Amino acid sequence: ADISRSMFASASLLWFPLATGFVVRAAIVGPASPLTCQTGPRAVGWPVVPQISMVGTGAGEQKLRPVLLAITGATATSAGIVARVFGLSTSVVGSVVGLGGFAITATSLMKWWQDRDATIENKAARVLLDSRVELPSSKRAVFMLRKQLAGALRATLERTAYAIVGGPRGCGKSTGVIDSLSNVTAVLKVKMGADIKVLVSIAQELGTPSSFKLTEMRLTNILRKTATLMKERDATTPDSWRPTIIAELNRNEVIGKYDSHVTLLKEIGADETLANVILVLSDADAVFAMPNDRDRQNQIWVEDLDEPGAHAYLDTLDVLPCDYLNELELPPCDRSSTPGTNLALRNKLFFEAGTRVMTLTSAAETQVLSQFFVDADRDGRRELRELVYLKGGVPEASGPAFTRLIKDLLEHTSNGWSPHGFDKRAENLGLPAEIVDEYLVGKKIASKIYRENGHCVLYHEPTDTYRFHSTIHRRAAENMFPEEAAR
């Protein structure tokens, strides 16, 4: 009979690890017995609670350990009573009863652990549904509405769920996108880069626990649940409705390390249409970080402000106030009449520094406009020298090649501005890349070189041309190479 009872206990020990996925090992607490010691619980006839070593799938299972140990202690206490009644070995009965109760409880707890994922996903879906984006009050007061960007974004998202917003740094891409979606339900804005995993960033914005690793499958579940919640909230919601994710690409990362992040977002947007995905590229060169998939990459390019837009923005900032329309009774390119003093200063600002939102904002914050011009010219010259005097390994990637590019830009392009104002008919910003390709290294490599060594030129992807990075760099180049500028 004792042999039968021992065999039953041994079979239970073999069955339990297979049924639960955990490994339970007895604690060696003394030389006399694997479960008891002479000076401890054995002295009063109580079994010792076995130590539990849990081999699970992650840190989450380890959190269950105190609960399971407590339950095991209760069942082990019951084992001591059974041993006394039937005259069995305490160690054998303790193992059988304890392991049996533990197996049932562990199964229930693991079922709860699986249900926990669904609970977290449900909460994240509610957070996403209630997410909104808006400009800070400081920016909202002086924001320049980019109607063209808002219209292009709206039109793109009506026919697809994936859009890329690009353009030079400081053009107002992020603020324009945020303003365009400020009244839209379920919009989440995240950061993305080589060291900023997009799933981690999304999880942080949704407020999920650190023990809950957001995977593509879990994100898919959250997006679908968000759409379901939206329909429950508003029965008139169309089946095509979906939440929106704005992902900003960090400009300082190394090109070529974003592919997995971009591919994931593209699958969510373009392929699965689970969310509207808007990638906001930090600058013009970030376009080279995108995978080569032009058929599905619907790109919206943001340019500097045009002349009326630049005047309107300065009016918003209350800088050099003037009645722009009344002072320019004649067409903008005809300066035969004498404009007001403030209008003349505005024209000088546009000629020297350009009409980029960030540049105009910086000029508005300066105390002395003349000092702003001096500082801008100094910075432009310094960055230009970095590129012109660059020592490269091959001729196509060295200073002389970039010097030729800069001289060609001076001779064959124009931004249309003069100290007297803007002439649209004279505007010709880009130099065809097919001309530059003859003497300059490839576009992607070139962009990395000039981004790290004086960012005074850029590649304009929509027109396949090279341009000066800003008006400030154009003026610095004219001062450095006056002969080419005069041609």
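Which element gives the largest share of the lining of the largest pocket? The helix α6 does, with four residues. The model is predicted: local features need pLDDT of at least 70, side-chain atom pairs count only at pLDDT 80 or more, and totals for chains, interfaces and linings use all residues. Numbering runs from 1 along each chain as its sequence is written, and side-chain values use heavy atoms, without hydrogens and water.

Start with the pocket. The largest one holds about 930 Å³ of space. A pocket here is an open set of points on a 1 Å grid over the protein atoms alone, where a 1.4 Å probe fits, with protein on both sides within 12 Å along at least five of seven lines. Lining residues have an atom within 4 Å of a point. There are 34 of them, and E303, D304, L305, D306 and T355 lie nearest the centre. Elements giving two or more residues to this lining include α6 (147-159), β7 (298-301) and α11 (307-317). The lining divides into 14 nonpolar, nine polar and eleven charged residues.

Now follow α6 to its neighbour. It packs against α7 (residues 173-180) at an angle of about 60 degrees, and the axes are 9 Å apart. That angle makes α6 oblique to α7 (under 35 degrees is roughly parallel, over 145 roughly antiparallel, 65 to 115 roughly perpendicular, the rest oblique). The crossing is right-handed. L149, A150 and L153 of α6 meet K173, G176, V177 and S180 of α7, where contact means heavy atoms within 4.5 Å. By class, the contact has four nonpolar residues, two polar and one charged.

Definitions and conventions: Grid points are joined across faces, edges and corners, and a volume is the space filled by probe spheres set on the points. Ala, Val, Leu, Ile, Met, Phe, Trp, Tyr, Cys and Pro count as nonpolar, Asp, Glu, Lys and Arg as charged, and the others, Gly among them, as polar. Axes are lines fitted to C-alpha atoms, for helices over the stretch in contact, and angles run from 0 to 180 degrees between N-to-C directions. A crossing is left-handed if the near helix is turned anticlockwise from the far one by less than a right angle, and right-handed if clockwise.
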